[in-house]
Amino acid sequence: MSSDVEPSDWARLDPWFEAYLGSGSGAGTQRSDRERVLREPGQEWEAIDSVAQAGLNSKSTLFCSPPLQVTNQDQLTEWWTELDTWWDTFSKAGHQNAIEIADLLEQSNESWATSAAPFETDPLAADITGTRTLRGPVRPSGELDWSQWLAQLLEPSAALVRELFGVPSDEPPNKVLREARLPKEDGGRRRADILVRHPDYGVSIEVKLGDENYRKTPETARLIERHYDDVRWDHILLLPKRQRGRLNAVVSPSIDEHADGTREIVWDESGPITVLYWQDVATAVRAVLQRGDVVDDHWAANAYLFCATVEQHISGFQSQPVIDRMVDPSGVVETVRPIVVSDALDEQLTYLRSRLGL
């Protein structure tokens, strides 16, 4: 291996390098590594030469560091041969999922175009994930931001409250409270994330993203009923679907799955608390939009963007442009990506089939 390297030598690697950094793959490669090589090419290539030469001369595997192994050619060939069958099966499955999702998104676009919605394409038709430094048109950064956005949509919309919670009312809530303070018996305070108030009925929503402190949920529900005892309350625990296993592991009793698809936990201190996933919220928003049951154009645009952001940022669903690149990859990033996000693709398939009634 030669130690001579010029800046022009990197030109043929630039397209791959930029695509890899922008893919969201979490690769550890940094631009500073490349810049260091350009500043001190001799020193860097000499270090690489010594490792490669040791591997060529070795009769057995040389362990350089946990993430790097140099082995002789015979062993390397044998190992990859054993993986070939597994790799072919796994990669074909991921690619096939992408193909089916692409077809479902086309069907969904047709459904939106013929619906009463003020939009003609599925919320996943555009990629709003952006890059590492620019994550699309909005960047909710935590539970407070997501809670505020959801509250803004619920407050003026009787249709969304009815679709999401089954509230038998044609009127929007008379009040939606955020971060309502609830005094505790010991003098402390608890905060309720969202309280949706009707004259004789209320819904409380505890909003979760990464926080797994689920044990405060029944206490908060009990404090709400004590502090606002003039109405009947239903209580909601809202979390990402990927956390359902963790929720089951840390709460007692575990989630009770009903035949109609609803889920609840029955705590002694608060009674039943309904478990909703963020996908359920996106599904409700989709239904309201496609019926054309919107408050006004501003609300519709806000709801449409909220739905797309929930699906792509929280659920990890892939947008149509990304899916199209998986179906017809132009490089290694698009070829490997279906494998990296295989679980999300499986979930997205189920989600889109359900939305299309398939």
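Predicted model: local features only at pLDDT ≥ 70, side-chain atom pairs only at ≥ 80, totals over all residues.
View 1. The chain contains 13 helices and nine strands, and buried residues make up 39% of its 358 residues.

**View 2. The largest nonpolar core, with a close look at F165.** This core has 56 residues, and the members that touch the most other members are L154, F165, I205, W278 and F306. Helix α10 supplies the largest share of this core, namely eight residues. Around F165, leaving aside residues up to four places away in sequence, the residues touched are L154, Y201, V203, I205, I236 and L276. Another core lies apart from the largest one and has twelve residues, including A221, V251, W267 and I273. As a general background to such views, nonpolar side chains in soluble globular proteins tend to be buried together.

**View 3. The contact between helix α9 and helix α10.** Helix α9 covers residues 278-290 and helix α10 covers residues 297-314, and their axes come within 9 Å and cross at roughly 145 degrees. The crossing of these two helices is left-handed. On the α9 side, the residues that take part are W278, V281, A282, V285, R286, V288 and L289, and they meet W299, A300, A303, Y304, F306, C307, V310, E311 and I314 on the α10 side. Sorted by class, the residues of this contact are 14 nonpolar and two charged, with no polar residue among them.

**View 4. The contact between helix α9 and helix α13.** Helix α13 covers residues 342-355, and α9 packs with α13 at an angle of about 30 degrees, with the two axes 12 Å apart. Because angles under 35 degrees count as roughly parallel, α9 is described as roughly parallel to α13. Here α9 passes α13 in a right-handed crossing. The residues that meet are Q279, A282, T283 and R286 from α9 and E347, Y351 and R355 from α13. By class, this contact has two nonpolar, two polar and three charged residues.

Conventions
Residues numbered from 1 in each chain as written. Heavy atoms only, no water. Axes fitted to C-alpha atoms, helices over the stretch in contact; angles between N-to-C directions. Helix = DSSP H or I, 4+ residues; strand = E, 2+ residues; numbered from the N terminus. Left-handed = near helix turned anticlockwise from the far one by under 90°. Contact = heavy atoms within 4.5 Å. Nonpolar A, V, L, I, M, F, W, Y, C, P; charged D, E, K, R; others polar. Core = buried A, V, L, I, M, F, W, Y, C linked by side-chain atoms within 4.5 Å. Buried < 20%, exposed > 50% of the residue type's maximum accessible area, 1.4 Å probe, protein only. Parallel < 35°, antiparallel > 145°, perpendicular 65-115°, else oblique.
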